[in-house]
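Student: I am new to this structure. Please take one part and look at it closely with me, then show me what else stands out.

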Amino acid sequence: MNDAPEPHPSDLTLTVQSPEEVTERLEDLRRQIDSVDERIVALLTERHAKVHEVLALKTAHKLPIYHPAREENLISRRREQAEAAGLDPDHVEGLFRSILRQSRVRQTVGAATSGVRPGSKALVVGGNGQMGRYFGRWFSGAGYEVRVLDVDDWSEAAALCEGIDLALISVPNNVTPEAATKLGPHLPPDCVLADLTNVKQNSMEAMLGAHPGPVIGLHPLFGPTTTSMDKQVLMVVHGRADDDCQWVIDQMTAWGNIVLPIDAREHDEIMNVVQGLRHFATFAFGLFLCRRRIDMAAILEYASPIYRLELGMVGRIFAQDASLYADMVFASPERRELLRDFASFVCDQRELLEEGGRERFCREFDEIAEWFGSFSEQAMRESSYLIDKLVERF
C-alpha cells in the first residue's frame, strides 16, 4: 500500500520538462485567471445593480447614504473570511473599502439628481464665487430653481428673493453680517436663511437679527474642488425653527455629507486651530522655503514617501485660491490673536537651538508624546496607510 501524500496541484508543474509543455501550462493557467477576473467583474456588475436598488429605497425614504456601522461590520466579516481562506486580511479590507467607496460615490451621484424638495427655489448670495457656484450646481442638479445674487445685484434683491425657500449666503466672513442684514427684509417669512462661513458667532447673530424665520449655519469642511460630498464633514449650527430647517440638512445628508451639529462658540474655537493655526503654520513654512529659494526639485528627488506626503499637503494649499485661505487665516480678531501667540511662541523656541538644547528638546518631545496619548498610534496607522497608497500610486 502506497502511503505517499497526493502532490499539491502547484507541484505538478515541476514535472513538466519541455519548453512547449511549460508554455502550454502557463497559457492554460492564464486563461483560468482571465476567467476568474471576468467573474469578478460580473459580480461587481451584479453588486452595482443592487446598489441602485438600495439608492432607490434610501431616496424614497430620505435615508442617509453613509451607514458607518454597516460598513465596518461588513469589513470585519470580510477580514475574518480572508483569514479563514489564508488571504491577507489587510489586502481584502483595502479591496472592499475601495468597492464600498465606489458604491457610495455612485449613490451620491444618483442622490445629487434627486432633491429632497425638488422645484423649490434657492438663492445663492455670492453665487459667482467658487463655493457659491459649487453649491449652486448641486442644488440645480437636484431639481431646485437656483438664483444668484452677487455684488452688483443688490438693486434686484427684492425680485430675486420673491418666493424663495432657501437663501444661502456664500461670501467672505467679513461681509457675511452685512449681507444678512441687507437680505433679511426681502426674505419670505418661511424662507430658510443659511450661510457657509467658517466663523459662526458673528454670522449667526447677524442672521438671527435680520430674519425672524428659520435660520441655520452651515460650514462645509471641504472646498469647491471636491468632486463628491461622500463622507465630507458638514458642521451645522442650529439657529431658529429647527424643524423648518430640517429639509436643508436632509438634502446635505442625501448628498453624502456627514452632518455634525455644534454650538457657534465651540465651532469658532475649534476652527481657530483646525483652519487658522494649521493654515498659517503651513503658509509660514512655504514662505520660508520660498525666501530661502530651496531647490524643491532636488528635495523631492531624495524625499522619502512620508516627507513627500508632507510636502504634498503644503503644495496643495498653494495650488488653490489665496483669498480662500486668507479668509480662513484672517477670519476674526480672536483667530488673529491666536496666530500672534503662535508666532511669538515659535520665536521663543529659538533657545532650544542653543548649546545644550538637545536634552530639553527630548524632554519636551516626551511630554508632548504623553499629551497626544493614544492618538499617536492612530496617527501612525493612518499615515502608514497613506504612505503605502502613495508608494502604490507613484
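Tutor: Start with helix α10 (residues 264–291) and helix α12 (residues 305–318). In this predicted model, their axes come within 10 Å. They cross at roughly 100°. Angles of 65 to 115 degrees count as roughly perpendicular, so α10 and α12 are roughly perpendicular to each other.

Now look at the residues that meet. From α10 come His279, Thr282, Phe283, Phe285, Gly286 and Leu289. From α12 come Tyr307, Leu311, Val314, Ile317 and Phe318. Sort the residues of this contact by class: eight are nonpolar and three are polar. None is charged. Gly counts among the polar ones here.

The structure holds 15 salt bridges. One of them joins the side chains of Asp90 and Arg79, at 2.9 Å from N to O. Asp90 lies in helix α4 (residues 89–112) and Arg79 in helix α3 (residues 68–84), so this pair ties together parts that are 11 residues apart in sequence.

Go back to the crossing once more. The contact of α10 with α12 has no charged residues, while Asp90 and Arg79 meet in a salt bridge.

How values were computed: Residues numbered from 1 in each chain as written. Predicted model: local features only at pLDDT ≥ 70, side-chain atom pairs only at ≥ 80, totals over all residues. Heavy atoms only, no water. Axes fitted to C-alpha atoms, helices over the stretch in contact; angles between N-to-C directions. Helix = DSSP H or I, 4+ residues; strand = E, 2+ residues; numbered from the N terminus. Parallel < 35°, antiparallel > 145°, perpendicular 65-115°, else oblique. Contact = heavy atoms within 4.5 Å. Salt bridge = Lys/Arg side-chain N within 4 Å of Asp/Glu carboxyl O.
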